[in-house]
Amino acid sequence: MLIFNHSSFMTFTLMGIPGLESQHLWLSLPFSSMFLAILIGNGAILFLVVIEPTLRTPMYLLLALLMVADLVSTLALMPKLLFLFWFNDQDITANACFTQMFFIHGASVVRSALLVVMAFDRFVAVCLPLRYNTILSYSLVGRLGLLALAKGVILVFPVPFLVQRLTFCHTVIPHTYCDHMAVVKMACNHTKPNRIYGLFVILLVVGLDLLLIGFSYALILQAVVRLNSRDAIFKALNTCSAHLFVILVTYVPALFSAIIHRIGGNIPPHAHILLANLYLLIPSLFNPITYGIKMKEIREKVSKCLCRGTS
């Protein structure tokens with residue numbers, strides 16, 4: 001058995017999607033299409049929020065931060081994946097692997113934290129509408145955004161170092177990117193600290209964040225039930241619809257992927273790897289579409305820009 005130490009000079013080999021290696025070129029078509037759509041969609045909304053003074057409100061600033069997290073996650077994943085599909089470029093150095101791991105998982109934690117902040121934003125908008133501008137000040141939004149960033153950095157920063165201490169019996173990773181658990185499974189020494197810390201991060205991020213989001217929506221539901229007007233109830237629910245949809249497309253695939261990693265022994269490897277990629281890409285793909293459709297201001301600004309371009 002070959003033993004590889006944790007030297008920064010070692011190289012991993014990304015297998016891609018096990019069992020579908022011959023289909024990599026065809027698979028690159030939907031993946032590259034999603035990549036292009038994510039760059040255009042998230043970039044367009046981010047650009048609009050930056051250049052349009054009327055969109056510089058707490059809600060849109062939070063949305064812009066969410067777009068940044070989506071872009072970071074996608075840019076950490078897609079270039080290497082497409083090079084693998086197009087040119088069979090499978091090799092990745094240990095330092096590049098650990099860096100990719102940090103940015104992919106860190107951006108996911110930041111995205112989750114931002115969804116909690118956006119749930120608080122929706123709570124204030126529905127339950128305390130007259131105090132919205134007072135409570136959701138620019139300074140508070142800035143502090144909450146920095147807190148979300150700090151959470152992602154602090155929680156994920158130890159992960160590459162915990163992986164770096166391992167000794168590896170294999171360097172061929174049956175994955176398209178350096179996922180934490182996929183790399184840990186290549187080690188032949190004691191990986192219990194890595195598994196415990198990985199589970200701790202999942203519970204703290206998914207478990208705690210979902211608990212806080214659920215608490216916010218329980219308060220929102222309690223306030224909605226008290227409304228006597230059907231129009232008021234519809235308006236309140238419509239205010240939260242985009243955020244609720246984003247929560248579903250973010251957490252459901254992520255939970256499936258995390259569960260399959262640990263107990264999905266009978267799941268075909270290619271199905272697991274495809275799901276692991278989609279749970280990163282689906283939120284980034286649907287977030288700008290969802291908010292672009294639901295938010296009147298964004299639709300109006302997009303239409304205005306398109307009219308300028310055609311005139």
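The model is a predicted one, in which local features need pLDDT of at least 70 and side-chain atom pairs count only at pLDDT 80 or more, whereas totals for chains, interfaces and linings use all residues. Residues are numbered from 1 along each chain as its sequence is written, and side-chain values use heavy atoms, with hydrogens and water left out.

The sulfur of cysteine 240 lies 8.2 Å from the closest cysteine sulfur, that of cysteine 127, which is too far for a bond, a disulfide being a pair of cysteine sulfur atoms within 2.5 Å. Cysteine 127, itself in no disulfide, is partly exposed at 23% relative accessibility.

In one of them, cysteine 97 is joined to cysteine 178 with an S to S distance of 2.0 Å, and the link is left-handed, with -125 degrees about the S-S bond. Cysteine 97 belongs to helix H3 (residues 94-127) and cysteine 178 to the loop between strand S3 (172-173) and helix H7 (180-184), so that parts 81 residues apart in sequence are tied together; here helices (H or I, at least four residues) and strands (E, at least two) are DSSP runs numbered from the N terminus. Cysteine 169 and cysteine 188 form a disulfide with their sulfur atoms 2.1 Å apart, and a torsion of about 120 degrees about the S-S bond makes this disulfide right-handed.

Technical notes. Buried means under 20% relative accessible area, exposed over 50%, partly exposed in between (1.4 Å probe, protein chains only).
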